[in-house]
Amino acid sequence: MLRSIRDGDKLLVGLDGELDHFCAQSIRRELDSQLADPTIRQLILDFSGLTFMDSSGIGVILGRYRILRERGGGVSVIHMNDHIARIFHMSGMGKVIRQLDRKQEAVR
Amino acid sequence: MMRNNEMQTTFLSVAENEAFARVVIAAFAMQLSPTVCEIADIKTAVSEAVTNAIVHGYEGTRGMVTLRASIHDHALLSIEISDQGKGIANIQQAMEPFFTTRPEQERSGMGFAVMQTFMDELSVESAPGKGTLIRMKKRIRSRDMLENATHIL
């Protein structure tokens with residue numbers, strides 16, 4: 001189960017452990033079941049508990065971005081470690097996914 | 001003085017073994033005293049190569065993936081990941097960033113780009129029906145630095 005907090009049209013979800021091709025399958029399923037509520041327009045992913053991510057994570061983030069873009073919303077990421085940030089920027093995701101430093105900014 | 005060393009492990013092409021392969025390569029590379037960043041680079045590159053073998057080489061069917069690694073010249077880590085899967089018809093195209101044959105599975109097409117960025121050398125040998133062999137090399141810097149520092153002291 002993913003930890004999540006709902007605030008209006010925003011959903012903050014904390015990801016723990018590793019995000020590889022294997023884990024991506026269940027994370028995607030859980031995120032999509034929460035995003036089934038059409039009133040959610042902003043997804044904030046908290047990466048503070050994420051210890052590893054490879055390019056499978058790019059697909060998961062961009063896939064959720066496509067869902068929320070349809071609703072006029074978007075995806076933000078907070079607390080990325082340096083290694084995950086390298087993959088994030090390599091993929092050009094920084095152009096469409098907001099990177100925030102603090103939870104306060106995310107839920108403002 | 002660091003001795004040359006080699007390892008090899010073969011495992012089933014199931015997604016659970018992506019994490020297994022990362023742990024194995026990290027444990028083997030530890031004898032080079034890599035930095036946290038170097039270990040993360042190596043684990044990520046291996047994760048990408050093993051994922052490719054599982055997703056594309058065997059396309060979800062069961063086969064064996066082999067991870068080989070060796071240490072030579074005190075600081076050079078060589079890694080090979082091979083499968084006997086369907087192989088790659090157009091290697092150049094497969095290596096292009098964002099090229100994917102699996103957009104419906106949300107594959108980003110960034111696997112080879114990540115391997116290329118995080119390792120010093122990358123080569124791919126593959127042909128349809130002949131499987132795929134990925135070779136990667138990375139020079140671990142931390143030990144060089146340590147030896148230089150000892151020299152100065």
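The area buried between chain A and chain B is about 1,900 Å², with carbon and sulfur atoms giving 54% of it. Buried area here is the accessible area (1.4 Å probe) that two parts lose on being put together, summed over both. In chain A, the residues losing the most area to chain B are His21(A), Arg86(A) and Met90(A), together 31% of what that side buries. This is a predicted model: local features need pLDDT of at least 70, side-chain atom pairs count only at pLDDT 80 or more, and totals for chains, interfaces and linings use all residues. Residues are numbered from 1 along each chain as its sequence is written, and chains are lettered from A in the order in which they are written.

**Where the chains meet**
- Contact (heavy atoms within 4.5 Å) links 21 residues of chain A with 26 residues of chain B.
- The rule finds 5 salt bridges across this interface, a salt bridge being a side-chain nitrogen of Lys or Arg within 4 Å of a carboxyl oxygen of Asp or Glu.
- Glu106(B) and Arg64(A) meet through their side chains in a salt bridge, at 2.9 Å from N to O.

**Aromatic rings**
- Arg22(B) has its charged end over the ring of Phe52(A), 4.1 Å from the ring centre; the rule asks for NZ of Lys or CZ of Arg within 6 Å of the ring centre and within 35 degrees of the ring normal.
- Over all chains, a search of the whole structure finds 1 aromatic pair.
- Phe11(B) and Phe20(B) form an edge-to-face pair, because their ring centres are 5.8 Å apart and their planes lie at 80 degrees; rings of Phe, Tyr and Trp (its six-membered ring) pair if their centres lie within 6.5 Å, with planes under 30 degrees apart counted as stacked, over 60 as edge-to-face and the rest as tilted.

Terms used. Heavy atoms only, no water.
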